[in-house]
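The following paragraphs lead through the architecture of a single protein chain.

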Amino acid sequence: MGFVKTSDQYIIHFSGLAAGTHDYSWNIDGKFFEADNYSEITEASVQVNCRLQKSAKHMELDFSGKGTVTLPCDRCLGPLQVKVNATRKVIVKESELENSDSDDIFFVGRQDYEFTAESWIREMILLSLPMRNVHPEGKCDDEMIEKLNDLSDDSGLKPLNE
């Protein structure tokens, strides 16, 4: 993962920051996921906060996100609102190395002065979502379940409601 220039909104200019704590926050909406062609999420309302602790040797970023995202139900494909409650810690160190074996340690070169938090925020939210997203029992779109069951009758597959 490189430090590619993306939306200016998520860029953190670290070169001029004094040692100590710096706070950032972003309101994540559905457009945030459109930019990366992640069309599963149609709507989002997630408040993301980041506390950056800068020292002479590295920067520690503590991200937290709370809110909701709307994506299709895995059973009926109808819109499903899923709660997001996520955290992630990222360490950024100055080094000429290109990458790290760890998913949470990143390197910047001596000449670098900024990085983007966009991909870290996206990954934090996406990784917090359940593997299976379905409406509670009985809350699925009955009409869609019926259509899917009709299709499964033709193919010999087992109906969804069994």
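Two strands are said to pair if DSSP finds at least two bridges between them. Helices (H or I, at least four residues) and strands (E, at least two) are themselves DSSP runs, numbered from the N terminus. The model is a predicted one, in which local features need pLDDT of at least 70 and side-chain atom pairs count only at pLDDT 80 or more, while totals for chains, interfaces and linings use all residues. Residues are numbered from 1 along each chain as its sequence is written, and side-chain values use heavy atoms, with hydrogens and water left out.

The chain contains 3 helices and 7 strands, arranged along the sequence in the pattern β-β-α-β-β-β-β-β-α-α. An open sheet of 5 strands runs in the order β2-β3-β4-β5-β6 with mixed pairing. Because β2 (20-29) and β6 (105-108) each have a single partner strand, they form the edges, and one side of each lacks a neighbour in the sheet. On average, neighbouring strands of this sheet are turned by 20° against each other, direction ignored; axes are lines fitted to C-alpha atoms, for helices over the stretch in contact, and angles run from 0 to 180 degrees between N-to-C directions.

Of the 162 residues of the chain, 37% count as buried, that is, under 20% relative accessible area (1.4 Å probe, protein chains only).

Note on methods. Buried < 20%, exposed > 50% of the residue type's maximum accessible area, 1.4 Å probe, protein only.
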